[in-house]
Amino acid sequence: MGTPDLQKANVRVLRNTLLVAAGMFAFGFALVPLYGAICTTFGINGQTENIDEARAAATQVDTSRTVRVQFHAIVNDKLRWTFVPATHELRVHPGEVQTVYYEARNVSADRIVGQAVHSVTPEQAASHFKKTECFCYRQQTLQPGESRRMPVRFMIDPGLPKGVHEVTLTYTFFDATRFAPRGS
């Protein structure tokens with residue numbers, strides 16, 4: 001054994017190391033919701049705001065202008081799904097509520113749980129893209145060979161800057177099977 005001073009120093013180093021590791025874990029755990037809140041608040045990184053149907057219906061439609069909305073779909077290379085927008089483009093008036101669909105198919109022989117992440121470009125349009133319904137709110141489970149049409153109900157807020165004439169909504173699906181609760 002070592003001297004009592006050496007043992008105390010070793011215990012102190014071990015305690016500090018464990019505290020730093022616990023702090024790093026807590027910070028990493030809190031980072032995801034913190035990042036989401038900051039992006040939603042400031043419209044950074046293509047994050048959008050979710051609103052309820054009543055608020056969307058009460059919004060005044062701006063018929064004096066039209067915005068071209070394009071829809072894109074990406075599948076992470078580890079996910080064995082096909083994923084496409086049913087509609088590739090719409091022309092909408094700001095304040096007008098629209099519904100579009102994306103279609104996913106599990107082309108594997110395994111049950112797969114997917115999670116979609118969205119992005120809106122240009123960045124200044126993200127905070128004006130309001131969703132009332134979206135498949136991205138929850139994980140999607142597809143059995144082998146199963147297909148699903150998934151809705152996105154949205155509107156472009158009339159406060160969209162006048163110089164923005166095109167908006168692109170992109171969804172990327174990731175394999176979330178290992179993170180899904182059992183039985184989902």
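Where is the place of T168? T168 lies in strand 10, strands being DSSP runs of E with at least two residues, and helices runs of H or I with at least four, numbered from the N terminus. This is a predicted model, in which local features need pLDDT of at least 70 and side-chain atom pairs count only at pLDDT 80 or more, while totals for chains, interfaces and linings use all residues. Residues are numbered from 1 along each chain as its sequence is written, and side-chain values use heavy atoms, with hydrogens and water left out.

- An open sheet of mixed pairing is formed by 5 strands in the order 4-2-10-6-8, where two strands pair if DSSP finds at least two bridges between them.
- Strand 4 (89-92) and strand 8 (140-142) stand at the edges with a single partner strand each, so one side of each lacks a neighbour in the sheet.
- Strand 6 and strand 10 run antiparallel and are joined by 8 bridges, and D175 in strand 10 is the bridge partner of G114.

**Surroundings of T168**
- With a relative accessibility of 15%, T168 counts as buried, because buried means under 20% relative accessible area (1.4 Å probe, protein chains only).
- The side chains of T168 and Q70 make a polar contact (3.4 Å), that is, a pair of N or O atoms within 3.5 Å, of which, within protein, one must be able to donate a hydrogen and the other to accept it, and residues adjacent in sequence count only if both atoms are side-chain atoms.

**Nonpolar core**
- The largest nonpolar core has 30 residues, and F135, V152 and Y171 have the most contacts inside it; such a core is a set of buried Ala, Val, Leu, Ile, Met, Phe, Trp, Tyr and Cys residues joined through side-chain atoms within 4.5 Å.

Key. Buried means under 20% relative accessible area, exposed over 50%, partly exposed in between (1.4 Å probe, protein chains only).
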